[in-house]
Amino acid sequence: MYFVSRALHGPQINYPVIEKLVLALIYAARQLRRYFQAHEIEVLTSCPIKQVLLKPETSGRLAKWATELGEHDISYHARVSIKGQALTDFLLEILGELQQEITDITHRRHPEEKTHQQWTLYTDGASSKEGSGAGLILTNPTGEEITYALRFDFYTSNNEAEYEALLAGLRLAVKMGVEKIVALTDSRQAANQVTGEFEAKDKRMEKYVKSVQRITSSLKSFTIRQIPRGSNRRADTLSKLASTCLGHLSKEVMVEVLKERSIDERQVDSLSTTRPSWMTPIIDYLQHAILLDDYMEARKTRIRAP
């Protein structure tokens, strides 16, 4: 047993919760480097660290940390017991820096069960002369929140920004394995067009509706409702901040910049292979966390994947 502890200072205090958790893993890997290099490491956590590290473009720090952790043989598993976590939780209560941000993180229920329960998604989009942006808040059944903001590098109307926020939230939830979602938006048009009560006469709106339906068809249940703007203030504030002052916002929440619309069709060359190539192990690891049986080959794949 090793005691590894470090208090956060300066800008680190304003990191998003998920970045603080990855930073804690970075500290452990650096302090216990000889053990991380010599053995397979299992990280027990109830947070989607693996999913975030596999999509590091949302933050330059995460991209750097993902590469640094990639040299080690690390696997992530759901934490099912709090016995081994008691000391860490005790230290966390003393420091008090993350206690308010991670609520009920030592839950006794199996973390994977939360993905089979109903999650709530708050979305909002904003468009102005200064730019366009979107904000979303994904809340799990125990009340833990994932805050996300988007900045658009293309012009959008308010309705298009609302759809981009909804699509981004759905993509995030699907990647985390969520199967039941209730989407709440203050856009009357988006909510009623998705449910079929309003007809999407514009071709672009029709494409957005089809994109939402395509994603939600893989879910066990999906419901979208319109709520008053006053009940959606947090997502509304995120969207306005993302459209105006992106630099300040990126210090506190995860921010992603979209280069093109979600409904734009990408022209790519079709590839067909009759046998596995050098890319196959990397693709299998990134998509399904599958590694080769050979230890050295599996370690090479894990290092190259980031």
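## Exercises on aromatic pairs and cores

Tyrosine 15 is buried, with a relative accessible area of 13%. The model used here is predicted.

**Exercise 1.** Find how many aromatic pairs the whole structure holds, and classify the pair of tyrosine 15 and tryptophan 65.

*Solution.* A search of the whole structure gives two aromatic pairs. Take tyrosine 15 and tryptophan 65. Their ring centres are 6.2 Å apart and their planes stand at 55°. Planes under 30 degrees apart count as stacked, over 60 as edge-to-face. Tyrosine 15 sits in the segment before helix H1 (17–31), and tryptophan 65 in helix H4 (residues 60–70). The pair therefore ties together parts that are 50 residues apart in sequence. Tryptophan 65 is buried, at 7% relative accessible area.

**Exercise 2.** Classify the pair of tyrosine 163 and tyrosine 208, and say which helices it links.

*Solution.* The centres are 5.3 Å apart, with 15° between the planes: the pair is stacked. Tyrosine 163 belongs to helix H6 and tyrosine 208 to helix H8, 45 residues apart. Both tyrosines are buried.

**Exercise 3.** Which residues of the largest nonpolar core touch the most other members?

*Solution.* This core has 36 residues. Leu138, Leu150, Tyr163 and Leu166 touch the most other members. Now look at the elements. Those giving two or more residues include strand E3 (118–128), H7 and H8. H6 gives the largest share, nine residues. Another core lies apart, with 24 residues, including Ile18 and Phe36.

Terms used
Residues numbered from 1 in each chain as written. Predicted model: local features only at pLDDT ≥ 70, side-chain atom pairs only at ≥ 80, totals over all residues. Heavy atoms only, no water. Core = buried A, V, L, I, M, F, W, Y, C linked by side-chain atoms within 4.5 Å. Buried < 20%, exposed > 50% of the residue type's maximum accessible area, 1.4 Å probe, protein only. Helix = DSSP H or I, 4+ residues; strand = E, 2+ residues; numbered from the N terminus. Phe/Tyr/Trp six-rings, centres within 6.5 Å; stacked < 30°, edge-to-face > 60°.
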